[in-house]
Amino acid sequence: MEHSGGIQASLSGRYATALFELARDNGKLDQVGTSLRALRQALTDSADLKRLVASPLISRSDAAKAVSALTGPLGLDPLTANFLGVLAHNRRLGVLGAIIRDFTTLSARHRGETSAQVITAHPLDSGQMAALTARLKSMVGSEVAVDATVDPKILGGLIVRLGSRQIDGSIRTKLNALATAMKG
């Protein structure tokens, strides 16, 4: 499997590639993908989990105990649970979000899909997500795996990243452009 230099060149990419290859070789890509989506959602929903992964003050053993305690409630598969333990032991929980993003990209490529990162101010319902996915599919000419995140700071609209292309239709960007134009 060929990977882009961009993913393998980063710390998160090296971890994501290792997890991807383990999952692929063990036939566990779907289970790991499901576990990582649950983890991403937990990172979004839980301020305590955000603090855990971001804090350099938490010892390796305490971090390992904390991520081990997440396994059951989040329904994580054993491979992902072990991987989290490795991240905690290596003090790399801070790059968990980027690892999940890179793993998603690698999985999409493996399935022959294009990966799109979509940032919205509010969660999209299933109809909106289906319409967006169909529109992106028509733009790129292949299946598209959408990785959607919510960031209220963009105020409204959405930002779409397809490979090196970015389409920024956020209200924040439009307001910034208007403010710049008014300054002259």
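Mentor: Helices are DSSP runs of H or I with at least four residues, strands are runs of E with at least two, and both are numbered from the N terminus. On that basis the chain reads α-α-α-α-α-α-α-β-α-β-β-β-α along the sequence, which comes to 9 helices and 4 strands. This is a predicted model, in which local features need pLDDT of at least 70 and side-chain atom pairs count only at pLDDT 80 or more, while totals for chains, interfaces and linings use all residues. Residues are numbered from 1 along each chain as its sequence is written, and side-chain values use heavy atoms, with hydrogens and water left out.

The C-alpha trace spans about 55 × 35 × 35 Å along its principal axes. Of the 184 residues, 34% count as buried, that is, under 20% relative accessible area with a 1.4 Å probe and protein chains only (exposed is over 50%, partly exposed in between). Contacts, meaning heavy atoms within 4.5 Å, join residues at least 24 apart in 65% of the cases where the partners are at least 6 apart in sequence.

The part to examine is helix H2, residues 11-25. Ser 12 lies in this helix and counts as buried because its relative accessible area is 7%. Beyond residues up to four places away in sequence, Ser 12 touches Val 95, Ala 98, Ile 99, Arg 101 and Asp 102. With Asp 102 there is also a side-chain to side-chain polar contact at 2.8 Å; such a contact is a pair of N or O atoms within 3.5 Å, and within protein one must be able to donate a hydrogen and the other to accept it, while residues adjacent in sequence count only if both atoms are side-chain atoms.

The structure also holds 2 aromatic pairs. Rings of Phe, Tyr and Trp (its six-membered ring) pair if their centres lie within 6.5 Å; planes under 30 degrees apart are stacked, over 60 edge-to-face, and the rest tilted. Tyr 15 and Phe 83 have ring centres 6.3 Å apart and planes at 70°, so this pair is edge-to-face. It connects helix H2 with helix H6 (residues 78-89), its members being 68 residues apart, and both are buried. Phe 20 and Phe 103, with centres 6.1 Å apart and planes at 65°, are therefore edge-to-face as well. Here helix H2 is linked to helix H7 (residues 96-110), across 83 residues of sequence, and both Phe 20 and Phe 103 are buried.
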